[in-house]
Amino acid sequence: MKTILITGGAGFIGSHVVREFVNKYPDYHIVNLDALTYAGNLENLKDIENKSNYTFVKADIRDADHILAIFQEYRPDGVIHLAAESHVDRSISDPLAFVMTNVIGTVNLLNAAKAIWNGEYEGKRFHHVSTDEVYGTLGETGLFTEQTAYDPHSPYSASKASSDHFVRAYHDTYGLPVILTNCSNNYGPNHFPEKLIPLCIHNILNEKPLPIYGNGKYTRDWLFVIDHARAIDLVFHQGKTGDSYNVGGFNEWQNIDLVKELCKQMDEKLGRPAGTAEKLITYVKDRPGHDLRYAIDATKINQELGYTPSVTFEQGLSITIDWFLNNQEWLDNVTSGDYQKYYEGQYRES
Ligand code: NAD
Ligand code: TYD
């Protein structure tokens, strides 16, 4: 039996990756290592928590000794590393937290893998999950390829770029069998409502303003989270050691158009007159250092591994809204307490 250790498995994307692996590979032992920060939630994994091939371990990747002890106990054959501080706006107010988890935490994991594998790399793999934000920003045209030079602008993307460099350095220096994926913006069930799409779903439900930063013409490339989990599965099993794969669905939206599409679908699903939600759109102060446009060239993963997303954006968005409408208790739980303080601080001057 193979043991696969997944970090950040209680978070948004991690929980979908854990579920995909636990259900699809009953002969793997899946160990989910997560510190359960504000973004980690074991409610995301209720449906699989009692499966015999699943173990949850609460641990903080900043704690090198604890991480090494966990690696020595479980001796994973593979690591899929998703644990991170993931929100750009939080990185602007507290950059050091992003260095500690995203950079130091990643190096602690690399050291633990290196220590237990001890040069015996047959059947071993360290898969680092990263973002397209490391490439910086595009103008009106062009796409990020795997050859695009790194040019991060936010503390979040700078910390992810740094972690990517360390992962490659461990491959080049120690021969560690690493692989990387750089994915575009995800959306879907269990998305924490600090990010644009779930924040707007939450605010439409509560008839609160929909804050659009700047002129709303910033562009992001969106992928349904389950399609990201499928891509991670494919690259982890079939990708080439030492390589990076961009993951995306050729699905660019300007923020304002995306929010209008969301408003339209929400009005229909809630039985409210057309145009109701759009009235909540409110332009607010821009994000400092706001990247204009992200767009992924996903040709490599498509041609080498045959990857294509399974849903269109309209379908994925509809599934996502339905999930939030059917899981309002989840939304109420994660938006009580500390979330209120975060929200007031972030949107106070809006
Ligand atoms: P998330 O914030 O929803 O979840 C992060 C998880 O990591 C949480 O469960 C949290 O408890 C855990 N965590 C945080 N700090 C930790 C620590 N010190 N030790 C152990 N666990 C810790 O993030 P997400 O959106 O699911 O992103 C997961 C990964 O995918 C991140 O590495 C992120 O950079 C990357 N990514 C995200 C997107 C996106 O659109 N969300 C796109 C591309 C790549
Ligand atoms: P976000 O979901 O935070 O993801 P990222 O910053 O990683 O791309 O933001 C997506 C886009 O939406 C980005 O251009 C910033 C913008 N945005 C708003 O306009 N208003 C908001 O309240 C938030 C959270 C984001």
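**Entry: helices α6 and α8**

I started with how helix α6 (residues 196–205) packs against helix α8 (residues 255–270) in this predicted model. I get an angle of about 40 degrees for the pair, and the axes lie 10 Å apart. Angles under 35 degrees would count as roughly parallel and 65 to 115 as roughly perpendicular, so I file α6 and α8 as oblique to each other. I also looked up the handedness: α6 and α8 make a right-handed crossing.

**Entry: who surrounds ligand 1?**

Next I turned to the ligand. I find 29 residues around ligand 1, and the closest are Ile13, Asp34, Ser86, Tyr156 and Lys160. Sorted by class, the shell holds 14 nonpolar, 11 polar and 4 charged residues.

Which elements each supply at least two residues of that shell? My list reads α1 (12–24), β5 (125–131), α5 (155–174) and β7 (185–187). The largest share comes from β5, with 3 residues.

**Entry: polar contacts of ligand 1**

I then went through some atom pairs. For isoleucine 13, a backbone N or O atom sits 2.8 Å from an oxygen atom of the ligand. Alanine 84 has a polar backbone atom 3.5 Å from an oxygen atom of ligand 1.

How much of the ligand does the protein bury? I note 840 Å² exposed for ligand 1 taken alone, and 97% of that is buried by the protein.

Notes:
Residues numbered from 1 in each chain as written. Chains lettered and ligands numbered in written order. Predicted model: local features only at pLDDT ≥ 70, side-chain atom pairs only at ≥ 80, totals over all residues. Heavy atoms only, no water. Near = heavy atom within 4 Å. Polar contact = N/O pair within 3.5 Å; in protein donor to acceptor, adjacent residues only side chain to side chain. Areas by Shrake-Rupley, 256 points an atom, 1.4 Å probe, with all protein chains shown as cover. Helix = DSSP H or I, 4+ residues; strand = E, 2+ residues; numbered from the N terminus. Nonpolar A, V, L, I, M, F, W, Y, C, P; charged D, E, K, R; others polar. Axes fitted to C-alpha atoms, helices over the stretch in contact; angles between N-to-C directions. Parallel < 35°, antiparallel > 145°, perpendicular 65-115°, else oblique. Left-handed = near helix turned anticlockwise from the far one by under 90°.
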